[in-house]
Amino acid sequence: MEAEPKAGFRALKITDRVYWVGAIDWGLRDFHGYLTKRGTTYNAFLVLAEPITLVDTVKAAHVDEMMARIASVIDPSQIKCIVSNHAEMDHTGALPQVVARLRPEMVVASTMGAKALQQHFHWHQPVRAVKDGERLSLGDTGLRFVETRMLHWPDSMFAFLEDEGVLFSNDAFGMHLASSERFVDEIEPGVIREEAATYYANILMPFSGLVTKLVERLPGLGLDVRLIAPDHGPLWRHEPLQVVQWYAQWAAQPFTRKAVVAYDTMWQSTEKMARAVADGLQGGGARAVVMPLAGSHRSNVAAELLEAGALLVGSPTMNGEVYPRMADLLTYLRGLKPRNLIGAAFGSYGWGGEAVRHLQQILEEMKVEIAAEAVRVQYVPDDEALARCRELGGRVAARLQELAAR
Ligand code: FEO
């Protein structure tokens, strides 16, 4: 494959034998429904061993950038082995082109990954399937593979480079963050924590049970992890296991005193109710985060929910249904399967008032414990109706206090 001599893209040496050769997608703002306000990176890694190995590739549109970075270190035709840790297109979109042009001796994937690649690309390219715990010799070092099913797809795996202690963790421990810097310690800590949490909430929250198992399993694998190299965002080189501890906390989703109040409104009646609900929450000692859906993206609500104990939802009734943005949010959140939440529903209506019933039903389907009777108000809430909203907030706060104290 011809490199792009004019592009000026360079590889970055990250250890003695590993180079970052990925791509920076500054302009990405949507990753399957998740608002990626800071863009992302697709990380790929060149390992100078015997054989020379490429770990993961990039989205198809960024293949030239990756090839130019590789060509700044070696002639790309020297790559004889490609490891594909996960078949999703942000890591494999460029793979068919790279394989067709470089003709590596070996493409390696997990057992499910090998099938997924062939199905995905309607390929007849042989793929060597490696099992959980299997080792691939790379001359004076080796890669050990760890299956991480459903983190993020059934085929996902980690590859661990033995002598340098580099854990190529694919989607896990990553974040959607485009930056000039390649390491976590070069970026503002608040941004790192925010983006890592937002990524966990929107990509990995449905698989929290498996995250817990993985975090518990890691110490027993005897991997001396000195650097975690995910496929999105910066790499963890100082105290790399910090992010593993964050994952343990996020996966457990313990009850907290934080309550997310998400609402939409037609003529500001449900908005008035949301404010009164928040007032009641605060009066009861909870921390309220109020999110009007007119200006809050679904993925930001999901991120707030990650470390919350309650979800309260408010919607007007429109044509017998909940407001469209609220329906969007709840469909999205139901799929993310947040755990350990209590909640309540509220809303105003003109004549039918079905939305509040629908909201409560959906909360129940999400296994959210209903902590207070729903409040429905016809037309505009008066002082008595707003007092009921405050009472709803107060009841949720009291229940949160009870649960957080356990
Ligand atoms: Fe970054 Fe599941 O792909």
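This is a predicted model: local features need pLDDT of at least 70, side-chain atom pairs count only at pLDDT 80 or more; totals for chains, interfaces and linings use all residues.
User: What makes Arg193 and Glu307 a salt bridge?
Analyst: Their side chains meet at 3.0 Å, N to O. The cut-off is within 4 Å, so the pair qualifies as a salt bridge. Across the interface of domain 1 and domain 2, the rule finds one salt bridge.

User: Which elements of domain 1 touch domain 2?
Analyst: Those giving two or more residues are strand E5 (34-35), H5, helix H6 (208-217) and helix H7 (242-252). H5 gives the most, with six residues.

User: How do you know that domain 1 and domain 2 are in contact?
Analyst: 16 residues of domain 1 contact 15 residues of domain 2. Contact requires heavy atoms within 4.5 Å, so these residues meet that limit. The domain centres, taken over C-alpha atoms, are 38 Å apart. About 1,300 Å² is buried between the domains, and carbon and sulfur atoms give 54% of that. Leu35, Asn202 and Met205 supply 38% of the area that domain 1 buries against domain 2.

User: Why is Asp171 said to have no salt bridge?
Analyst: The nearest side chain of opposite charge is Lys59, 12 Å away.

User: Where is Asp171, and what does Asp171 contact?
Analyst: Asp171 lies in the loop between strand E15 (166-170) and helix H5 (189-204). Leaving aside neighbours within four places in sequence, its contacts include His86, Glu88, Asp90 and His232.

Note on methods: Residues are numbered from 1 along each chain as its sequence is written. Side-chain values use heavy atoms; hydrogens and water are left out. Helices (H or I, at least four residues) and strands (E, at least two) are DSSP runs, numbered from the N terminus. Buried means under 20% relative accessible area, exposed over 50%, partly exposed in between (1.4 Å probe, protein chains only). Lys and Arg count as positive and Asp and Glu as negative; His and the chain ends are not counted. Domain bounds come from an automatic or database domain assignment. Buried area is the accessible area (1.4 Å probe) that two parts lose on being put together, summed over both.
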